[in-house]
Amino acid sequence: MEYLSMSKEVSEALALNKPIVALESTIISHGFNYPENLETAQTCEKIIRDAGAVPATIAIIGGKIKVGLSTDEVEFLATTKGIRKCSRRDVAAIISQKGDGATTVSGTMMFAEMAGIKVFATGGIGGVHRNAETTFDISADLEELAQTKVAVVCAGAKSILDIPLTLEYLETAGVPVIGYNTDDFPNFYTRKSGMKVDYNLPTTKAIADVVFTSHKLKLKGGILVCNPIPQDAELDYDFIQAKVETAVQESIDKGIRGKESTPFLLAKLHDITQGKSVVANKALVFNNARVAAEIAAELVKM
């Protein structure tokens, strides 16, 4: 494809049927401050390699879809201000202008499918925002899950969202929600949200079997794999919910909406939890990278 540029490592892994895990790039450009963002990206890639898989961090750089970033390209995203968040609606405009874009869950899924990568590790998906009945603020991640055939390993949906409505949307869209060793839908910073997953599967092999079967059946859409934050890293449920309520109310008071909502809310949580949310965020991202690599390794055996 004219616009798609894969690294040598990713190209060889695809040719040799090696396990590959896609990684998003908004976590680098918008998720953490420098140098934490760079260190987090490097650690995710190392965890995936240590688990026997190939990491494929994805972004648009200079108008090219890059699948498998070099060290310099990751550092560029980590240190450059003003890089656009890129979901499906932004792709053609950014590429045609030879611009740079950090891919969201939506954008990363789209490019992973283009490249033939079946497993993607992220922190938490976007979803239906609180007060969406009046704002109609619903993440493009949900529509992407409905149509793009990639398994997304996450720690549930971000705690700033309306979890029940997010799950209702996923059900309507026909997206299976699988818990890895959990009946409970994880709530990003906490292991439970009070809601349930569709299926609780005990091994990464069992999850890979679902992904494999879905591909064999040629079913449309992705699979959401929910991997709870490690127990020793989770935050107290009442503590984080109170902080989320405070952050959401401030965003309403300031009129912050749309794609600006999530970065604002996560940054606000960082401040009002005195950094506890960032520590938890990194722990769950690393855990998801490991589990995604294990799923990818099982998948290539099939």
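This is a predicted model: local features need pLDDT of at least 70, side-chain atom pairs count only at pLDDT 80 or more; totals for chains, interfaces and linings use all residues.

Visitor: How many helices and strands does the chain have?
Guide: Its secondary structure comes to 13 helices and 11 strands.

Visitor: What makes the radius of gyration of the chain agree with a compact globule?
Guide: For 302 residues, a compact globule would have a radius of gyration near 19 Å, and the chain has 18 Å, so the two agree. As for its extent, the C-alpha trace spans about 50 × 45 × 35 Å along the principal axes.

Visitor: What share of the residues count as buried, and what is the cut-off?
Guide: Buried means under 20% relative accessible area, and 55% of the 302 residues count as buried. The accessible surface of the chain comes to about 13,300 Å², and 51% of that belongs to carbon and sulfur atoms.

Visitor: What makes a set of residues a nonpolar core?
Guide: The residues must be buried, belong to a list of nonpolar types, and be joined through side-chain atoms within 4.5 Å. The largest such core here has 98 residues, and V67, I117, I125, L170, F185 and L224 touch the most other members. Helix α13, residues 276–301, gives the largest share of this core, with 11 residues. There is a general background to this: in soluble globular proteins, nonpolar side chains tend to be buried together.

Visitor: Why is V105 called buried?
Guide: V105 has 3% relative accessibility, and the cut-off is under 20%, so V105 counts as buried. This residue lies in helix α6, residues 105–115. Setting aside neighbours within four places in sequence, V105 is in contact with E24, F120, T122, G124, I125 and D141.

Visitor: Why is K98 called exposed?
Guide: Exposed means over 50% relative accessible area; K98 has 65%, and therefore counts as exposed. You will find K98 in the loop between α5 (91–96) and β6 (101–103).

Visitor: Which peptide bond is cis, from Y34 to P35 or elsewhere, and what is its omega?
Guide: The bond from Y34 to P35 is cis, with omega near 5°. P35 is in the loop between α2 (26–31) and α3 (36–50).

Visitor: Which residues is D162 in contact with, beyond its neighbours in sequence?
Guide: Contact means heavy atoms within 4.5 Å. Leaving aside neighbours within four places, D162 is in contact with V128, H129 and R130. D162 itself lies in the loop between β8 (151–154) and α9 (163–172). Between D162 and N131 there are 31 residues in sequence and 8.1 Å in space, C-alpha to C-alpha.

Visitor: What share of the contacts in the chain link residues 24 or more positions apart?
Guide: Such pairs account for 74% of the contacts with a separation of 6 or more.

Visitor: How many charged side chains are there?
Guide: The chain has 32 positive and 37 negative side chains, and the centres of the two sets lie 4 Å apart.

How values were computed
Residues are numbered from 1 along each chain as its sequence is written. Side-chain values use heavy atoms; hydrogens and water are left out. Buried means under 20% relative accessible area, exposed over 50%, partly exposed in between (1.4 Å probe, protein chains only). Helices (H or I, at least four residues) and strands (E, at least two) are DSSP runs, numbered from the N terminus. The radius of gyration is taken over C-alpha atoms; the globule rule is 2.2 Å times the number of residues to the power 0.38. Accessible areas come from the Shrake-Rupley method with a 1.4 Å probe; for residues, only the protein chains shown count as cover. Lys and Arg count as positive and Asp and Glu as negative; His and the chain ends are not counted. The place of a charge is taken as NZ of Lys, CZ of Arg, CG of Asp or CD of Glu.
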